[in-house]
Amino acid sequence: MLELVDLTKRFKQQYAVKNLNMFIEKGEIIGLLGPNGAGKSTAISMMSSLVEPTAGDVRFNNNSILKKPAQLRKVTGIVPQEIALYNDLTAEENLQFFGRIYRLKGAELKRRMDEVLDLIGLKDRRKDIVKKYSGGMKRRLNIGVALLHDPELIIMDEPTVGIDPQSRNYILETVKRLNAERNITVLYTSHYMEEVEFLCDRIYIMDKGNLIASGTKDDIKRILSAEKTISIKADRLNEAFIKEIKEHPLVNNIQVEEKEITIMVAKEVNIFSTLIKMAEDASLELSSVAIKTPTLEDVFLHLTGRALRD
Amino acid sequence: MIGQIIKKQALLLIRNPVQLLLLIGLPIILILILGNALGSMMNGDSSGLKVKLALIEHQPENEQVENFLASIDNPKGTKVEQSDVTNIAPIQTLKSILTNDELKGVIDVREVPFSEKQAVLDDNTYTAVIEIPRKFTHDFLSYTIFGEGNKPKLQLYENEQQQIGAGVIRSLLEDLQRQYTLASFLQEKEIDQQVLAVETALLNNNQQSINQKNPVTSKGYYTIGMAVMTVLYIAATIGSLAFMEKRIFVFNRIIIGNMSRWVYFTGILLSGMIFGCLHLGIIFSFAWITFGVSWPNIMALLLVTFAFSIAVGGIAVLLTAISYRLHSETVTNFFSGIVVSLMALMGGSFYPIGDNSTFIQTLGNLTPNGAGMSAYLSILRGDNISAISSNILFLCLFGMAMILIAASTFPKRGEAV
Ligand SMILES: Nc1ncnc2c1ncn2[C@@H]1O[C@H](COP(=O)(O)OP(=O)(O)OP(=O)(O)O)[C@@H](O)[C@H]1O
Ligand SMILES: [Mg+2]
């Protein structure tokens, strides 16, 4: 349905997106993962015909959209990372305006508005001014506007940033439902692994403008097949212990949180006894040491040596 | 499509009642303040000049007229009609001149008894004192009608600290004297005064329609001055609303909705024009109703307003295009913060800056508000459309130039991020 071919965007000397290749088939939910500044939003701007790429092509149903974006625009809904709504208008007025932009009118527009308001759960707040909405409600309306014209493809750029878990679950469920019930194709961008794991069939991972991994969830996790992830928990981690682990030659990657250290080692290495001895030396009381099933977070750590969220 | 943009723009304006009130309330308040405070400095408005005049009569005039009529029972068989005598009674004439409609607001006439003469002369609030001696009218009539005796004299005391006011009184008296001299000359030569009276009346009327026409009051002047200035804020407001659409990424949504950016551009242009017209309309209507600033030629008014709105719309799209291009609202803020005030000053919104210098006047007419102001003032004075055609042409060309520059500055496809 949508295909990116060596898509590149350069701002001055800096590549925001470099040689990105990607495809989306009808009915899929695709995840696009990457930390801040990875180039996700820039890629989305290009594939939604807002920004012209420096090089490469975007093909929609095998036609380049660079010169003729109309076909893509007609059937695509874009949920921007920013809340792109008129704060001084009501939800209804916002929907009405954007509906008219999409050339909906009369009874058809009214029907679509009702449907969307129902879907995003804002039916009883439709007459309220957006300014007075909570962050989660604004996010939902931001999505709602992109659904007005009943798109075949929706591209969502971090639609759950900065909102409460309840609204977030609501949004995730809604996306899943849209895909299941109406066969809407979804490109979902996030830096939350859990969201992508929950929603997506296939995943692309970007970092610093480059694609660093892609495939199904299992494909990606298989990247880690040569390694295993060990989680070390303690009530009070101390510097001496962390330093020792960091300097240990067998540890490939390390991620330190408040009460937990995650490390990766080669599959065949047995490091348990060493860890326990190191803890004793650093007079640290461990609460648990366990092998974890790898997550996408771990894949990212493996590939870049950095955590996805800093 | 374009209609949607304009409708939404109107909705956004209405949703900011404070800003809206400021946009419309500001000019009205300024008209009130400037119209009252600076009104006295303006030409064509006499309310600044106040003359307080004391009249001291030693003997009532009608008594003298009766005495005069009684004393001319026989002389030389000249027939003298009572009405003729009353008609030329000098003090009566003077009083009716001093209290006629045009001078009523300016000259405050107090008839004061002789006993208070010294008090009045010492009172600094009086501009002048006219003392009419005993038998003045009697002597005047004898001298004028029969050429008997000496020409009687009025005594005028002037307050040296109020020279302008005193000068007005002096020239009034001199005028009156000239007219009497002329009248008696005509009488001597037996020319029919009636003929001349008609001629003078004609002359007077003509003069009015050539020079004064409708004098522009200070309220009228500032209604125009403030309207043409504050309508520029409408352009700035439309510009910053449009930039807000870019800032909050709504513009991107509009583009993704497959609306041409030129449709959007046209929507902004028309919004500027329509809201500019509305703004002018509201202020002019308000001034009409409350200050009585009425327009003799509605067609000309509409024509200038339309031409002016092209300039306003042009400024709105130019501000929009530049702020889109620079990703910053600085230009719009600079425009409404500084440029508008400067242009308003140049254009004569605060006081008729160009009255004393043709150079400044020309310069002022090269600002859209200045050109608009000149045109509106001409209409208010009663000029016809041909007198303002150059202003109208300038406004249209100015607007077109703004639109062209804006169109070439506005980000093209694929440039917006
Ligand atoms: N208009 C622009 N001009 C210059 N540099 C830009 C512009 N837009 C983005 N960039 C740069 O391109 C890189 C990628 O930015 P982008 O917004 O695509 O990242 P992202 O993956 O969406 O990040 P986030 O998760 O924070 O939204 C960043 O380094 C950013 O600074
Ligand atoms: Mg982004």
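Student: Which residues of H15(B) are buried?

Tutor: In this predicted model, the buried residues of H15(B) are Thr332(B), Phe335(B), Val340(B), Met343(B), Ala344(B) and Gly347(B).

Student: And what do those buried residues pack against?

Tutor: They pack against four helices of chain B, namely helix H11 (218-247), helix H14 (298-326), helix H16 (358-365) and helix H17 (368-381).

Student: How many residues does H15 of chain B have, and where is its kink centred?

Tutor: Helix H15 of chain B covers residues 330-347, which is 18 residues, and from its first C-alpha to its last it reaches 24 Å, close to the expected 26 Å. The kink in H15(B) is about 40 degrees and is centred on Val339(B).

Student: What comes just after H15(B)?

Tutor: Just after H15(B) comes Gly348(B), which takes a positive phi of about 90 degrees.

Student: Zooming out, how many helices and strands are there in chain B?

Tutor: Chain B contains 18 helices and 4 strands, and of its 417 residues, 44% are buried. Where contacts in chain B join residues at least 6 apart in sequence, 81% of them link residues at least 24 apart.

Student: What pLDDT does chain B average, and where is it below 50?

Tutor: The average for chain B is a pLDDT of 83, with 86% of the residues scoring at least 70. The pLDDT is below 50 over residues 43-47 of chain B, a stretch that has 7 contacts in the model beyond near neighbours in sequence. Residues 196-212 of chain B also have a pLDDT below 50, and that stretch has 4 contacts beyond near neighbours in sequence.

Student: What ipTM does the complex get?

Tutor: The predictor gives the complex an ipTM of 0.82, together with a pTM of 0.72.

Student: Switching to the metal, which protein donors does the magnesium ion have?

Tutor: The protein donors of the magnesium ion (ligand 2) are the OG atom of Ser41(A) and the OE1 atom of Gln81(A), lying 1.8 to 2.1 Å from the ion. Ser41(A) lies in helix H1 (residues 40-47) of chain A, whereas Gln81(A) lies in the loop between strand S6 (76-79) and helix H3 (91-101) of chain A, so the pair ties together parts that are 40 residues apart in sequence.

Student: What does UniProt place at residues 2-233 of chain A?

Tutor: The unreviewed UniProt entry places the feature "domain: ABC transporter" there, at residues 2-233 of chain A. In the model, that span is 36% helix and 30% strand, and its end C-alpha atoms lie 44 Å apart.

Definitions and conventions. Residues numbered from 1 in each chain as written. Chains lettered and ligands numbered in written order. Predicted model: local features only at pLDDT ≥ 70, side-chain atom pairs only at ≥ 80, totals over all residues. Heavy atoms only, no water. UniProt positions renumbered as here; feature names shortened; annotations may be inferred. Helix = DSSP H or I, 4+ residues; strand = E, 2+ residues; numbered from the N terminus. Expected span 1.5 Å × (residues − 1). Bend = angle between axes of the 7 residues up to and from the residue. Buried < 20%, exposed > 50% of the residue type's maximum accessible area, 1.4 Å probe, protein only. Contact = heavy atoms within 4.5 Å. Donors = N, O, S within 2.8 Å, 3.2 Å for Na, K, Ca; no water. pLDDT = per-residue confidence, 0-100.
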